[in-house]
Structure formats: C-alpha cells, structure tokens
Amino acid sequence: MRSVEQHLADVLAKIRPLPPFEQHLLDAHGLQLAEDVIAPRDVPLFDNSAMDGYAVRRIDVRGADQDNPAVLTVVQEIPAGAATTTEIGPGECGRIMTGAPVPPGADAVVPVEWTDGAADGTVRIYRTPDEGAHIRRVGEDVRAGQPLLSAGTMLGARQIGLLAAVSRDLVAVRPSPRVVIISTGSELVEPGTEPGPGQIPDTNGYTLAAAAREAGAVVYRVGVVADDAKLLLDTIEDQLIRADLIVTTGGVSVGAYDVVKEALSGLGTVEFGRVAMQPGMPQGFGVLGPEETPIFTLPGNPVSAYVGFELFVRPAIRKLSGRQDGLHRPVVEAVCLAGFKSPAGKRQFVRGVVVTPAGSDGRIEVRPVGGSGSHLMGGLAQANCLIAVPEDQTRVEAGDVLPVILLDGTPPETAASAAPASPEGPSNAGER
Ligand SMILES: Nc1nc2c(c(=O)[nH]1)N[C@H]1C(S)=C(S)[C@@H](COP(=O)(O)OP(=O)(O)OC[C@H]3O[C@@H](n4cnc5c(N)ncnc54)[C@H](O)[C@@H]3O)O[C@H]1N2
Ligand code: MOO
Ligand SMILES: [Mg+2]
C-alpha cells in the first residue's frame, strides 16, 4: 500500500496547468491569472481633487480665518472629466469638483464647507489649507512599471477592480477545468426518483459535482452508468472530448460487478492501487486518450468518494486551473474532545467539527461527528473538518492533539452549536 503523500505526489506530477488564453476582464472573474501584470500606467493618472471646493494657491490664503477671510476671484469651473484647465494666477482660484484635474498653479484644495461664494464671482476662504491639501497625487496609488499581480493569483472582485483601474481590458487567464463526473452502479437512481427494491439514490454524483464546483471547476455530471464495462467505456470515450479531468465512483473493488478496471484497461495508463487510508483505500488514477486527460476512479462508498476527492482530486483541479497557492486545504493542530479507535497501518480521516472556544487563547478543539463508516453521510454533512489520525495510532484519547484538515462551508456558529459526540466518539472505526 502507498502512503497518502506518495499517491498525491504521483497524481500531481502528472497534472499540468491548462493552457492560458486571453479573456475580457469581466469574464476573467474567478479564474487564475496566467501572467505577471506590471502596472502599465500611474494611478491616479493625474493630480486631482479629493473634495468639492476651490483649487487655490496656498500663498494667497495664508493666515485666512473666520474673521479675516481671503477673497479670491473664481476664474474657472472644473468638473470631473474636464479636459483642459488654465493656470491659476495670483488672487485667483478654480471651482473644482471631486476627481477633477487640479489646474497648474494651484497647490491645495479648500473644501466648499470652508468657503462662502459670492454672486460677483469671488469666494471667501475662511481657513488656510495645508500644503497639497485634498490633492490626490499622480501615481500615489500605483506607479507605472510596478508589479501589480502575479501569475497564479485568483481574480476576485478586488483584483478585477485593480486591473480595470490600470485600464487593462484583456488578461491572460487559465480556464476553469471542465470536470466530468460519472457514477457507476446498477443500483443507483436519480434523487427524486422513488428507489425500487435494492436501489439507492446517486449520492456521489451530487456530492462530487458540488465539491468540484467549489474547487473552481465547470462540472458536467453525466449521471449514472450501470455496472457494464462496455457501457462505461463508451461513456468515457464520449466524454473525453469535453473533459479536462474525469472522475468516476464505484466499481473499483473486488466485487463481481466492479467493472471499472476492466473498462479502462485498454484506454490509457490507469493504475489501480491501495492507499493506506480509511476511508478511501482503493484509488485509481491515470491519463486517457490523445490529450492525456487525467482520470480518477474513486471508491463507491460515499464518504470514501468524498475523502478521495478532497485529498487527491481537489488539488488536481486547483493545479489544472493554474493556482500556485491554495492547492491544499489548511491544516491546523487541534485538541480532540473524544476518544475513538483507529485502524492500524492506515491514516484515518475522521469527520469532525472544529470549535474555537471563546477566551481559549486560540486553542482549537475538534469533536468527532457521526462515526467512521464510509457509508455514513449524516456526520459528513455536519462536519467542517477531517481529523487525520496517523497510521501508527490505533487509539485516540480525549485530549490528544491531531492534525485537522479544515473544509469550508460551515460557519463557526454552526460548529459551536453542533451536537456533542458520544463519550466514545465514533464506535464503529474500521467499519466499511
Ligand atoms: N472483499 C472486499 N470487499 C470490499 C473491499 C475489499 O478490500 N475487499 N473494500 C471495501 C472498501 S474499503 C470500499 S471503499 C469499497 C469500494 O467499493 P467499489 O469502489 O467497488 O464501489 P461499489 O462496490 O460500486 O460500491 C460500494 C458501496 O457504495 C455504494 N455506492 C456506490 N456508488 C454510489 C453512489 N454514486 N451513491 C451512493 N452510494 C454509492 C454502493 O451501493 C455500495 O454500497 O469496497 C469495499 N468492499
Ligand atoms: O476504503 Mo473504503 O473507502 O474504507 O470504505
Ligand atoms: Mg464494489
């Protein structure tokens, strides 16, 4: 059996970021930047006013106060967008609006609240502004030539805004990976369809479609394919055209109808093996077709499929999309609040709820939820983390400090109010 780290390393070694393309800024949202962006120009582009008021020569208003206002002649009106301004001479000022270019000669802006305009075209100024007051200087935000954003940055609203501010309209980004999800199993029906005898709803297709979307993928969920090698092979061949990555679930163990290995044997270099973990021990990975499309064959048990996705598929999707950081989930050390058994020789990933009690000096605590059986979805939905119990630890005691992989989606309030685990925690460790 291989370790989790070895399998992950083998997988990531075969994943190449998708080729970049030029995208309009508006449609680049949520994608990873594929270029280092250097500021092509200054921001602000020109000295401009931060206030509605009067652009003045400070020398003309020195010493002005409530009792001795300076009186200036208003020689121009400068709205935002004004294309031209004229020089402010001695005794003159310009009526200026926020964002409007500061005219030559002016070295401060007096807010309108400190002034009193008169009908004869003069204005009284009641206070002396500081040197440069209320002038936003050219380049004070961003200097032309400075590095702005580096390749691999995820473009969110704030980054898109910065690119717009330097007037970029097209940027090189990597596309969202297109992920095809196939559930195998003759017992599966669509959620919403009343299951007949022996049938169950397809859980994995939905879990993984959502998880892949959360990881940044465009998802094509193919639905359910019966345990039939030919049918599965045909489906995968059909899907290769639109897939950057394929995930199947089920049919990889040693059962008589576990046909995934057989179906894929001729198509590429998929290796099926066992990873020293629970749940999620049977793991297949390889590349298929002319484009060497990566494929993951995850085990069918719903929690096994999810954990396999989290550990191996999610980092692969992130790498395809060009992410340089955020390939992996954050891991924290947490004090486990309940004891439980753990299988020898496998890293056990136990569903948990992390809590940071108030006034606890940041001590993070984790409560196991819902048992460890790989068919138990109830606890998975409550969980906001996976507790990683080392391979050589067969028993966790309350108070043990363990690494915990933080998942997303559960707000702290939910975590804090989660039902307490039984004193023994999951009692069915080792159960499949
Ligand atoms: N003799 C052995 N049996 C099993 C072993 C083993 O080593 N020797 N390993 C067990 C482990 S561990 C796992 S994990 C599973 C892997 O099973 P498969 O990948 O072959 O998956 P299936 O047999 O198709 O299904 C397993 C289980 O999960 C249910 N399932 C499958 N797909 C879905 C789905 N999309 N939604 C909901 N539930 C699904 C399926 O009905 C089965 O109950 O093998 C163990 N057996
Ligand atoms: O590996 Mo199976 O995934 O333990 O349940
Ligand atoms: Mg099976």
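Begin by selecting T203 and ligand 1: a backbone N or O atom of T203 lies 2.9 Å from a nitrogen atom of the ligand, a polar contact being a pair of N or O atoms within 3.5 Å. This is a predicted model, in which local features need pLDDT of at least 70 and side-chain atom pairs count only at pLDDT 80 or more, whereas totals for chains, interfaces and linings use all residues. Residues are numbered from 1 along each chain as its sequence is written, chains are lettered from A and ligands numbered from 1 in the order in which they are written, and side-chain values use heavy atoms, with hydrogens and water left out.

Then show V252, which places a polar backbone atom 3.1 Å from an oxygen atom of ligand 1.

Next, select F285 and F296. Their ring centres are 4.8 Å apart and their planes meet at 50°, so the pair is tilted; rings of Phe, Tyr and Trp (its six-membered ring) pair if their centres lie within 6.5 Å, with planes under 30 degrees apart counted as stacked, over 60 as edge-to-face and the rest as tilted. F285 has 7% relative accessibility and counts as buried, as does F296 at 0%; buried means under 20% relative accessible area (1.4 Å probe, protein chains only).

Finally, select Y220 and R242. R242 lies over the face of Y220, at 4.1 Å from the ring centre; the criterion is CZ of Arg within 6 Å of the ring centre and within 35 degrees of the ring normal.

Note on methods:
Buried < 20%, exposed > 50% of the residue type's maximum accessible area, 1.4 Å probe, protein only. Polar contact = N/O pair within 3.5 Å; in protein donor to acceptor, adjacent residues only side chain to side chain.
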